[in-house]
Amino acid sequence: MATQRKHLVRDFNHYITCYVCKGYLIKPTTVTECLHTFCKRCIVQHFEDSNDCPKCGIQVHETNPLEMLRLDNTLEEIIFKLVPGLREKEQQQEIEFWRKTKSRENGGDDTPRAKRARMDDEDEEDGDHDHHRSDPQIAICLDCLRNSSQSAENIVKGLMKKFIRCSSRVTVGTIKKFLSLKLKLPTSYELDVLCNGEIMGKDHTMEFIYMTRWRLRGESSYPMVLQYRPRIDFG
């Protein structure tokens, strides 16, 4: 009876490593135009400066290559099973990153008294201030919907970077507040947030919109596109 050959992890490295960073694929994301796969962070950062695939060089999209990306959750699970401890390492690094970020936001004071004060403050915050660090994340493209007949839209400039990643539990109301701050809108301005041409309610979560508006209407591109329309509030 022939003995079964054991395979080492390095035998599969060609299939589970990122061409950009040379490490194991983290949140593997595939370019649908050429089917090359990279770490999500690597390919998104690459597309900030180029519209071409970093591996084969083909033009992925003339204006918005991020529309041609798809997360490969199956491959991610395979990699976590192949590489012992990788999942735990990534989770720990993410926790450490948010811990350091939180520390910097609070002036870097990590004494027990400061930590206790921060915990008390967080308990008093409402849902709009909860960053939901451990929630499932969703990528969103925030696109300005312009109409030459509306003066408010002509005055407001679009976001410099319109792609964001946030908790799937974030509501449209929170997105509106984020946009108002980033666009520096006067208090006389209001924002409508739309998906597929339909105005979304302020209490709708990103997960709800994705499941009931984006995915169910045949939209499968990544990320989900939300449009915002500034208008003058006469109320």
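## Exercises on a predicted model

Buried residues make up 31% of the 235 residues in the protein chain. The model is predicted. The chain has 8 helices and 8 strands.

**Exercise 1.** Find the buried residues of helix α3 (residues 73–82) and state how they are arranged around the axis.

*Solution.*
- Step 1. Apply the cut-off: buried means under 20% relative accessible area.
- Step 2. In α3, Leu75, Glu76, Ile79 and Phe80 are the buried residues. They span an arc of only 140° around the axis, which places them on the same side of α3.
- Step 3. Recall the geometry. An α-helix has 3.6 residues a turn, so residues three or four places apart point the same way.
- Step 4. Inspect the face turned away from the buried side of α3: Thr74 and Lys81 are exposed there.

**Exercise 2.** Determine which way the residues of strand β1 (residues 28–31) point, and whether they are buried or exposed.

*Solution.*
- Step 1. Pro28 and Thr30 point one way from β1.
- Step 2. Thr29 and Val31 point the other way.
- Step 3. Check burial: all of these β1 residues are buried.

**Exercise 3.** Identify how β1 pairs with β2 and with β3.

*Solution.*
- Step 1. Take β2 (residues 37–39): β1 and β2 run antiparallel, joined by 3 bridges. Thr29 has Phe38 as its bridge partner in β2.
- Step 2. Look at the connection. β1 and β2 form a hairpin with 5 residues between them. Leu35, in the turn, has a positive phi of about 65°.
- Step 3. Take β3 (residues 69–71): β1 pairs with β3 over 3 bridges, in the antiparallel sense. Here Val31 stands opposite Leu69.

Key. Residues numbered from 1 in each chain as written. Predicted model: local features only at pLDDT ≥ 70, side-chain atom pairs only at ≥ 80, totals over all residues. Heavy atoms only, no water. Buried < 20%, exposed > 50% of the residue type's maximum accessible area, 1.4 Å probe, protein only. Helix = DSSP H or I, 4+ residues; strand = E, 2+ residues; numbered from the N terminus. Arc of directions from axis to C-beta. Pairing = 2+ DSSP bridges.
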